[in-house]
Amino acid sequence: MIENFQEKIRQAAERRVPLRFRGGGTKDFYGNTPRGEILDTRGHAGIVEYEPTELVVTARCGTSLSELEQELERKNQFLPFEPPHFGAGATLGGCIAAGLAGPRRASAGAVRDFVLGTKLVDGRGRLLQFGGSVMKNVAGYDVSRLLAGSLGTLGLIAEASLKVLPRPLDERTLCLEASEAEALAAMNRWAGQPLPVSATAWHEGRLFVRLSGAEPAVHAAAARIGGERAAAPPWHALKEQTHPFFSGPEPLWRISLPSTSAPLGLPGRQLIEWGGALRWVKTTASAETVRQAAPQATLFRAADKSAAAFSPLEPVNARVHKALKAAFDPAGILNPGRLYEDF
Amino acid sequence: MGSRLPVVNALRGFLPARAVLHEEEDTRPYECDGLTAYRQLPMVVALPETEEQVQQVLKTCSSLKIPVVPRGAGTGLSGGALPPGDGVLLSMAKFMRVLRVDPLARVAVVQPGVRNAVISELAAPHGLYYAPDPSSQIACTIGGNVAENSGGVHCLKYGLTVHNVLGLRGFTIAGEPIVLGGEALDAPGYDLLALAVGSEGMLVVVTEVTVKLLPKPQTARVIMASFAEVEKAGDAVAKIIAAGIIPAGLEMMDRPATRAVEQFVGAGYDLEAAAILLCESDGTSEEVDDEIARMKAVLQGAGATRMTVSRDEAERLRFWSGRKAAFPAVGRISPDYYCMDGTIPRKRLGEVLTFIAGLEKKYGLRCPNVFHAGDGNLHPLILFDANHPDELERTERFAGEVLEKCIEVGGTITGEHGVGVEKINQMCVQFRADELEIFHAVKHAFDPAGLLNPGKAVPSLARCAEYGRMRVHGGQLPHPDLPRF
């Protein structure tokens, strides 16, 4: 199967025909509008190796993310970055290429924090291997982590090894009443205390806090934080964006900023996650207005993405990006324009 | 060698005379880093104090087309800061200021010459600390930690430098300012921060580091467990993980290592055990009591012959003192030692240790082992005497065989010390030509002229071809299936 991918990429490079890597297509909406001939990754599926006691799983790109998570669950482990699926067909390859993490991001880390190694087919159709299946590895530049969030523009992630962790023994969600400013202050204050907070979210006057860990720690923390035990924890609906906040026709902005940043005051509706470091805004305000208020604003979901999905890069940074792109994909055929219009 | 005088004069155009060293007596202290077997006098040493001066040094060297090697405290163990004989050693030692500690946002912004341990000291009044704790933390600088992606004894639970650095500011070799990452958790575009961390000072010169601070756990306790066989200790580690526990620290030392350490620090280790494990739990006191009880049960079931749990902080620190002092302790029982840094899948531990025992006989050299057991990172310490004509050469061959064994079992030649100049030949074994070519292209994207710390970490294809011929000639090529060039 990999040979197949290699051949297709080689041919596309020769003919200068853009290719678009696609698994389940659950993240087609993300980034700039995809273009190019579809190369379906789903035929290259399956877990290659899973050693629970080594805390490492290695799987092929087309592996169903749900099946992978179920397999981990059978051994009482999980992907700590809690990736969103955005649909039934999400694959591991898409998960890493998108580099999106879920509610646990602020406490556990991002996709790249758990990527240990990858097999990559580059823009010349070469099969390359970086990193490995061990926790600590500083041989060579860390190309595997670079691939997380690269949206398939540097190559086809054919296989990946990820660090996994044991599931928390106990988990509970609390709900408190709070204004936006109170919620931001509380979220940051808790994060600076030795409390097992694994997720936070604020929306319309309600602050949700999830505690995960050993039972005594969760119990003690719940007593300190107060509030009521939430009957229906919102985490799944937030992660998969099935929460009512995400409905409606206005564009959805994903704003990444320092967790202590003051309320943005943008028009429209807002939902806060990641201890204050991630702010979702549903607004019809112009891209200029949003990016003026918050430089790192991603136009996440919108019917019209003419404003560019990602905020612009500084010139030196942009030059390095283009040089890296040229190194991995000299013909410029891999998911062109998906990340930035000019590469 | 190029001409020194024009470089000295150009640098003195904007640096005070005391910040440009070129007399041998002044440059001698910079001739090596922690890997003392490799030495080279730098042509010139520059000691800038401001970002502008760093920028000017880089612009000057770029225009004169001479190499620049950045250096922190010089504690690195792979020769990453080995100076250029024909260029400028850029010491960042004067960048010692802590620019900001923000307890609410839980970040510290520091200059690269700030020592690792200082960050935690300054964060302590706020109940916070900086998690990565390499053994050299009292001396090593955060800039060097970034260059090497340093780990420590708590990284299974709290991660490496790459997991704890939020952002970097610095310059490319051309002197262009560059910012990677930042206080926001996601930056747009490629994750260049992940690429820069662990790049051994070959992509950018860092002038400012933003690190994440974590709440200091309320309490911590450590179990010292003895085992009659090294393999049993390895199995015990797997059983702890299988029980769903991620200890804050999980370290192993074999008997030669504990015996070397004990006479030096008196940590209270069991010297009869073939191996000891140190298993630490941290958190609230309820949580720690609960986890210690569960770990004890697992260790008991795994055949521990003796277990001692630290009763107080002083005892906990004493148990750790031996592990943290392992390298200097070994330095006292042998005229010289050579520290290795391979990482292996933990399940292959028994096989690798048996292999190392075989090499001790083959080369007639002793080799105690300390091991970050939780994450599979081995530090075999080969004892030798450089005054014996062939011992260094035997040591290098011994080490080369160990590193290639690490690759063979699915591991890597370096877990946290870096490739530097030391393991550059083994890079030819771990990576194929196409992969090395990508590494060179990554370097080229930041440093087209190849002037920043050249010749380290990534071997040239020509060098690999030469190494390949040498190894084939020696008749000991372990991977005939790998493509050669």
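Two residues are in contact here if their C-beta atoms, placed from the backbone, lie within 7 Å. Keep that cut-off in mind as you move through this predicted model, beginning with the place where two chains meet.

Select chains A and B together, and look at where they touch: 77 residues of chain B are in contact with 66 residues of chain A. On the chain B side, the elements that give two or more residues are β9 (177-181), α8 (192-196), α9 (230-242), α11 (285-301), α16 (424-430) and α17 (433-446). If you then colour the side of chain B that touches chain A by residue type, you will find 36 nonpolar, 24 polar and 17 charged residues.

Now go to helix α1 of chain B, residues 4-12, and show B:Val7, B:Ala10 and B:Leu11, which are buried. These three lie on the same side of α1(B), because they cover an arc of only 95 degrees around the axis. Turning back, show β1 (20-21), β2 (44-46), α3 (51-64) and β4 (88-91) of chain B, against which the buried residues of α1(B) pack.

Finally, select B:Gly113, which sits in the loop between β6 (107-110) and α4 (116-123) of chain B. Although this residue is in a loop, B:Gly113 counts as buried because it has 20 C-beta neighbours inside 10 Å. Leaving aside residues up to four places away in sequence, the residues that B:Gly113 touches include B:Gly72, B:Phe95 and B:Thr141.

Notes
Residues are numbered from 1 along each chain as its sequence is written. Chains are lettered from A and ligands numbered from 1 in the order in which they are written. This is a predicted model: local features need pLDDT of at least 70, side-chain atom pairs count only at pLDDT 80 or more; totals for chains, interfaces and linings use all residues. Helices (H or I, at least four residues) and strands (E, at least two) are DSSP runs, numbered from the N terminus. Ala, Val, Leu, Ile, Met, Phe, Trp, Tyr, Cys and Pro count as nonpolar, Asp, Glu, Lys and Arg as charged, and the others, Gly among them, as polar. A residue is buried if 20 or more other C-beta atoms lie within 10 Å of its own, exposed if 12 or fewer, and partly exposed in between; C-beta atoms are placed from the backbone. The arc is that of the directions from the helix axis to the C-beta atoms.
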